[in-house]
Amino acid sequence: MNDRVILAIDQGTSSSRAVVFDRTLEPIESAQQEFAQIYPSSGWVEHDPEAIWASVTAVTSEALAKARVEPAAVTAIGITNQRETTVLWDRKTGRPLANAIVWQDRRTAKYCESLRREGYEKKVIDKTGLRLDPYFSATKLKWLLDHVEGARERASRGELAFGTIDTFLVWRLSAGHAHVTDATNASRTMLYNIHERCWDDELLRLFDIPKALLPEVRPCASDFAETRVEFLQDGTPIGGIAGDQQAALIGQAGFEHGMTKSTYGTGCFMIANTGGEALKSGNQLLTTIASDLDGQVTYGLEGSVFVAGSAMQWLRDELRMIETAPESEAIARATGIVDDVYVVPAFAGLGAPYWDPHARGAIVGLSRGSSRETIVTATLQAIAFQTHDLVVAMREDGISPAVVRVDGGMAANDWFLEFLAGVLDTPVERPVNIESTVLGAASLAALQVGVIEGIEHLAERWQSERVFTPAMTSDVRGQLLAGWSDAVSRTRGAR
Ligand code: ADP
């Protein structure tokens, strides 16, 4: 039997996880469950909030059982979540009015384009740090209000509640007693003014959203709620919340100006800490709230690449060139750097810094000698080149990371990290625990209940496992980047 523990819930895009941590923030046990992705039509992606809730309750109970701890031993709960995904529910019954609209969903693209044509983008960027894009919650919520029968009337009568996934989970965990979110999740809704730190009345008018729908915004370590569900002890505090990428930066102890983390899961998300300054990007990166801790808001500059680990899944499931993602490492090591073939995995357009929804993937430079090994290696290289493009954008915006801390599933691949360090010409550092996201959620909860006394203790606890130092000549780097840039240019443009 273990004594007191911290429970972290990581509600992700394809699965929900629960991890039980001991009081020193070492993970003891975890459980994970996938849930259905719903694709009602082209470009639409939904989740059933009830399926999300069922998966969260199942993994929580399973993780506690595996760790052999009673619910009463949970000192505090931390939550991290897929960001931007939008849920609308009935305050009385707690029942969602419709499926959640997932961050990947593009159904509001035309509406966003029309607002852009009307000249609203600058205002949106100035207030929220975000681009006027379907990615964020505002236009998804408007869509629900406009298309679910009776929703708008009921919303104006104050009968409904909006939330990102964190808010929905806290509502359920507290049996409807708390309608709250944290500043990092709020900063991804496109309704929150990140400078004045409040819901923005002008944006609410623009998107036609009644303020009564919105949750209260709190710092990341707060008394968000106490649990009232049968699978946990009543009154267990929910003490920490952060959106998944911000939680990863916290898990990586990226508390100082310039510290940068890059998470390689399905996609790649990079955030640089810009301190108290909401740095405005001249290179199409996003400005976001990285954390609200100890009475201090820290901003971040964020860039995302849509396809990272999912390119490994493509090699495995569609091209059938590998049997498992980790196999890519041995193949690349045996092949060596590929300098003639470039894979551009723009399967769903290109993210930062290009933001080209019309780009599509390509393999450039094939010759008679190109093999399976060439393509596998070139695909790994592509993820590093895409990271390079983000780092260049950050450097131009005035942030030059001295080291990039990496995490996520793909960070297990040593060859990839060696190549990445070479291409970035910057050391790449991997922590002992590459599950930074869930560690970030646990850290916030631990801070709130005093198990950890301050963020300086989190920084002390962070442990480097290995530093990958750049070992690529500038000639090779230059040649590779020129080849990459040429390959990307061939995928661009409307079609
Ligand atoms: P997510 O949280 O987005 O589901 P994870 O952080 O669990 O993602 O990482 C899983 C991804 O990492 C998968 O897309 C998988 O293909 C990729 N991956 C896992 N191990 C390796 C490896 N050794 N080399 C390359 N890719 C890997």
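1. Helix 1 and helix 6 touch in this predicted model. On the side of helix 1, the residues in the contact are Pro-49, Glu-50, Ile-52, Trp-53 and Val-56. Helix 6 meets them with Ile-165, Phe-168, Leu-169, Arg-172 and Leu-173. By class, this contact holds 8 nonpolar residues, 2 charged ones and no polar ones. Glu-50 and Arg-172 are the charged pair, because Glu and Arg both count as charged.

2. The geometry of the pair is as follows. Helix 1 covers residues 49-67 and helix 6 covers residues 165-173. Their axes lie 11 Å apart, and the packing angle is about 65°. The crossing of helix 1 past helix 6 is right-handed.

3. Next, the ligand. Around the ligand there are 13 residues, and those that come nearest are Thr-266, Gly-309, Gly-409, Met-410 and Asn-413. Helix 10, residues 309-317, gives the most to this shell, with 4 residues. Sorted by class, the shell has 9 polar and 4 nonpolar residues, and no charged ones.

4. How much of the ligand does the protein bury? The ligand taken alone exposes 580 Å², and the protein buries 69% of that area.

Key
Residues numbered from 1 in each chain as written. Predicted model: local features only at pLDDT ≥ 70, side-chain atom pairs only at ≥ 80, totals over all residues. Heavy atoms only, no water. Near = heavy atom within 4 Å. Areas by Shrake-Rupley, 256 points an atom, 1.4 Å probe, with all protein chains shown as cover. Helix = DSSP H or I, 4+ residues; strand = E, 2+ residues; numbered from the N terminus. Axes fitted to C-alpha atoms, helices over the stretch in contact; angles between N-to-C directions. Left-handed = near helix turned anticlockwise from the far one by under 90°. Contact = heavy atoms within 4.5 Å.
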